[in-house]
Amino acid sequence: MNNDLRAELIQRAIRAKETSYSPYSKFRVGAAVLTGDGEIFSGCNVENASYGLAICAERNAIFQMAFAGKRKIVAVAVTSDETTFITPCGACRQVISEFAGPGTEILLITKNKKIKSVKFGKIFPAPPSLEKLKK
Ligand code: THU
């Protein structure tokens with residue numbers, strides 16, 4: 001990923017956070033994914049009065065990507081209002097794994113724009129082997 005794309009991806013995640021619908025947790029999250037063909041899709045968390053129905057920012061962004069017909073994630077950016085790094089939840093890691101590989105870059109961004117990059121394989125080292133289901 002070149003520096004311009006990286007900066008754009010980070011900005012899109014930060015911007016997505018602005019539309020977070022999180023009246024229950026008051027925890028705003030924004031995410032953006034970069035596809036294999038250089039497109040960016042972003043999303044925010046959207047909560048519900050039936051608490052368990054909340055959707056995370058990462059999955060919101062990924063589902064929009066899938067709806068646009070894209071199937072490959074090269075990088076993911078995630079940000080919140082915390083001064084510490086937040087990482088995707090277990091459900092989102094599973095969903096990321098559908099379209100990503102161990103080398104996919106996960107960019108974590110704090111409120112103060114501190115950035116940390118980790119490889120997806122590091123935070124989700126043993127994806128379930130469900131390839132057979134695709135046949
Ligand atoms: N949340 C995300 O959107 N992404 C994460 O990586 C962690 C958690 C959301 C879910 C819920 O709306 C709120 O943050 C508090 O958990």
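Strand 1 (residues 29-35) is mostly covered, as seven of its seven residues are buried. Here buried means under 20% relative accessible area, exposed means over 50%, and partly exposed lies in between (1.4 Å probe, protein chains only). Strands (E, at least two residues) and helices (H or I, at least four) are DSSP runs, numbered from the N terminus. This is a predicted model, in which local features need pLDDT of at least 70 and side-chain atom pairs count only at pLDDT 80 or more, while totals for chains, interfaces and linings use all residues. Residues are numbered from 1 along each chain as its sequence is written, and side-chain values use heavy atoms, with hydrogens and water left out.

In a regular strand the side chains alternate between the two faces of the sheet. From strand 1, Val 29, Ala 31, Val 33 and Thr 35 point one way, whereas Gly 30, Ala 32 and Leu 34 point the other way, and all are buried.

Strand 1 has pairing partners; two strands pair if DSSP finds at least two bridges between them. With strand 3, strand 1 pairs in the antiparallel sense over seven bridges, and Val 33 has Val 76 as its bridge partner in strand 3. Strand 2 (residues 40-44) also runs antiparallel to strand 1, and five bridges join the two. In strand 2, Ser 42 is the bridge partner of Ala 32. The hairpin of strand 1 and strand 2 has four residues between the strands, and Gly 38 in this hairpin takes a positive phi near 80 degrees.

The whole structure contains six salt bridges. A salt bridge is a side-chain nitrogen of Lys or Arg within 4 Å of a carboxyl oxygen of Asp or Glu. The table gives examples.

| Salt bridge | N to O distance |
|---|---|
| Glu 105 and Arg 6 | 3.2 Å |
| Asp 81 and Lys 17 | 2.8 Å |
| Arg 28 and Asp 81 | 2.8 Å |

Salt bridges that share partners join Lys 17, Glu 18, Arg 28 and Asp 81 into one network.
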